[in-house]
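Please look over the structure shown here with attention to its charged side-chain pairs and to one helix position.

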Amino acid sequence: MSERRQITHMQVRMVRMAMERWHLSVGEVARLFQQYQVFEYIRDCFGIFHVEGDEAVWEEIVPYLKVRGCSYA
């Protein structure tokens with residue numbers, strides 16, 4: 001699988017985790033992730049993230065969102 005596809009898969013998994021944990025729709029999470037540039041963050045950090053499990057990636061995303069003022073994080 002290409003790196004681009006792997007990044008997309010990770011982004012989707014993080015959207016699903018956010019949906020489950022924050023009880024939001026896919027559209028609501030997607031808008032938050034776009035607003036706070038989470039998709040870009042995942043892409044930019046993929047070199048490190050790809051060797052971590054989803055929980056570890058999630059634990060990096062939450063503080064990233066908190067610092068940016070996201071009320072869900």
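Glutamate 55 forms a salt bridge with arginine 21, with 2.4 Å between the closest N and O atoms, where a salt bridge is a side-chain nitrogen of Lys or Arg within 4 Å of a carboxyl oxygen of Asp or Glu. This pair links distant parts of the chain, glutamate 55 lying in helix 5 and arginine 21 in helix 1, 34 residues apart (helices, H or I with at least four residues, are DSSP runs numbered from the N terminus). The model is predicted, so that local features need pLDDT of at least 70 and side-chain atom pairs count only at pLDDT 80 or more, while totals for chains, interfaces and linings use all residues. Residues are numbered from 1 along each chain as its sequence is written, and side-chain values use heavy atoms, leaving out hydrogens and water.

**Salt bridges**
- A search of the whole structure finds three salt bridges.
- Arginine 13 pairs in a salt bridge with aspartate 54, their closest N and O atoms being 2.9 Å apart, and this pair joins helix 1 to helix 5 (residues 54-67) across 41 residues.
- Arginine 43 forms a salt bridge with aspartate 44, at 3.5 Å between the closest N and O atoms.

**Accessibility**
- Glutamate 55 is partly exposed at 43% relative accessible area, where buried means under 20%, exposed over 50% and partly exposed in between (1.4 Å probe, protein chains only).
- Arginine 21 is likewise partly exposed, at 37%, whereas aspartate 44 is exposed at 58%.

**Glutamine 11**
- Glutamine 11, in helix 1 (residues 3-22), is buried at 15% relative accessible area.
- Leaving aside neighbours within four places in sequence, glutamine 11 is in contact (heavy atoms within 4.5 Å) with Phe39, Ile42 and Arg43.

Methods:
Helices (H or I, at least four residues) and strands (E, at least two) are DSSP runs, numbered from the N terminus.
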